[in-house]
Amino acid sequence: MLNFESDYIEGAHPKVLDALVKTNFQALSGYGVDEYSASAKEKIAKACQCTNAQITFITGGTQTNQLVISSMLKQYQGVVAATTGHVSLHEGGAIEYTGHKVLTVPGHEGKMKAEELNQYLTDFFNDGNNEHMVFPGMVYISYPTEYGTLYSKKELEDISKVCKEYKLPLFLDGARLGYGLMSNSCDLSLADIAALCDVFYIGGTKVGALCGEAVVFTKNNEPEHFVNLTKKHGALLAKGRLNGIQFDTLFTDNLYFEISKNAIDMAELMKNGFKSAGYSFLLDSPTNQQFIILENKKMEELSKNVRFCFWEKVDETHTAVRFATSWATTKEKVEELLNLI
């Protein structure tokens, strides 16, 4: 059975596993206060070219989104996201569970537009009844988006400018950050993201780690007593070494970016193969997620040999499905898929 269901279906990169095994019997301090976590933080800060970086390792993406958003918002505030944003759709109400509403603006192939964000904020603060409403307290975007699309540097600059005008922190979800940065369509660097965002995270779960995300507060703006808040959310890992060792390995010798490039190369091979076979796409994704439109009977037939992800119905006879490549996807597996179609 071929599996292109998601980009976290494999375990971890062999170098990550090797590092975990080699350090297994070292006695290290808990809660992320260990030499490997410290080393990883130094490497990440250097890669971000951010001297004010404050970095914390969290085990999963939902934990990270919930923790960052709830710790930065005041009681009466919510977070602004695109209607298609991960926190809007696929977070199981985790943000609302903390008492903070997700406020939405239109999504355009996964992205919000700076002008629509600006209009939303202008309208809210000019509304005479806004004391009876949830106040926007921060802005959330993801890179890549849930549709595999990318913000250009200009688009991110424009959103950042709106956030600064309204004094709202900009939070970038980087669960698939490596795949975005290594896309042939990317015109952003990790340093650009650090400069334009107030907080973002570098995804490990989907990019070569067993688990783990690296949260980066970029303006010396980490919430007060963030360790305490992390523990309150059940997100403080006693064996914090597990995340530290993994990220220390991923940010040694450019490994994180090299393995991310593999996912892009395999996605391009897949995309070209589907195009050559005459298939249509829901949209043009430049990253590791490809959204193919299948005739329903073909989808049922293909599902006998391949795992992929349902995305949305296109019409009564066609469905858009997602095929995802990862750091571990091989050329042989992609060619086997293309032979099947």
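**Spaces, helix pairs and backbone**

Tutor: Let's start inside: the largest cavity is lined by Ala82, Gly85, Gly110, Met112, Tyr140, Ile141, Ser142, Thr145, Glu146 and Tyr151. Keep in mind that this is a predicted model, where local features need pLDDT of at least 70 and side-chain atom pairs count only at pLDDT 80 or more, while totals for chains, interfaces and linings use all residues. Residues are numbered from 1 along each chain as its sequence is written, and side-chain values use heavy atoms, with hydrogens and water left out.

Student: What makes something a cavity, and what makes it a pocket?

Tutor: The general idea is that rolling a probe the size of a water molecule over the atoms shows where empty space is left. Here the grid is 1 Å over the protein atoms alone; a cavity is a set of points where a 1.4 Å probe fits but cannot get out, whereas a pocket is an open set with protein on both sides within 12 Å along at least five of seven lines. A residue counts as lining if it has an atom within 4 Å of a point. Points are joined across faces, edges and corners, and the volume is the space filled by probe spheres set on them.

Student: How many cavities of 30 Å³ or more does that rule give?

Tutor: The count is 1. The largest cavity has a volume of about 50 Å³. Strand E5 (residues 135-142) supplies the largest share of its lining, 3 residues. Helices (H or I, at least four residues) and strands (E, at least two) are DSSP runs, numbered from the N terminus. By class, the cavity lining has 5 nonpolar, 4 polar and 1 charged residues. Ala, Val, Leu, Ile, Met, Phe, Trp, Tyr, Cys and Pro count as nonpolar, Asp, Glu, Lys and Arg as charged, and the others, Gly among them, as polar.

Student: Now the open spaces. Which residues lie nearest the centre of the largest pocket?

Tutor: The largest pocket, with a volume of about 580 Å³, has 31 lining residues, and those nearest its centre are His86, His90, Arg176, Lys206 and Arg322. Two or more residues each come from helix H3 (61-72), helix H4 (86-89) and strand E12 (309-313). E12 gives the most, 4 residues. The lining divides into 9 nonpolar, 13 polar and 9 charged residues.

Student: What does the second largest pocket look like by volume and lining?

Tutor: Its volume is about 250 Å³, and 15 residues line it, with Tyr31, Gly32, Lys41, Thr56 and Phe57 nearest the centre. H2, strand E2 (54-58) and helix H10 (226-232) each give two or more residues. The largest share, 3 residues, is from E2. This lining has 7 nonpolar, 6 polar and 2 charged residues.

Student: On to helices. At what angle do H12 and H14 pack?

Tutor: In general, two packed helices are described by the angle between their axes and the distance between the axes. Axes are lines fitted to C-alpha atoms, for helices over the stretch in contact, and angles run from 0 to 180 degrees between N-to-C directions. Helix H12 (residues 255-276) and helix H14 (residues 331-340) pack at about 15 degrees, with axes 10 Å apart. H12 and H14 are therefore roughly parallel to each other. Angles under 35 degrees count as roughly parallel, over 145 as roughly antiparallel, 65 to 115 as roughly perpendicular and the rest as oblique. In contact (heavy atoms within 4.5 Å), Met266, Leu269, Met270, Gly273 and Phe274 of H12 meet Lys331, Val334, Leu337 and Leu338 of H14. These contact residues divide into 7 nonpolar, 1 polar and 1 charged.

Student: How does H1 pack against H11?

Tutor: Helix H1 (residues 14-22) and H11 have axes 9 Å apart and an angle of about 135 degrees. That makes H1 oblique to H11. Lys15, Val16, Ala19 and Leu20 of H1 touch Leu242, Ile245, Gln246, Thr249 and Leu250 of H11. The contact has 6 nonpolar, 2 polar and 1 charged residues.

Student: Last, the backbone. Where is the cis peptide bond?

Tutor: It joins Tyr143 and Pro144, with omega about -5 degrees. Pro144 sits in the loop between E5 and helix H7 (153-165). Look also at Gln49, in the loop between H2 and E2: its phi is near 55 degrees, a positive value in a residue other than glycine.
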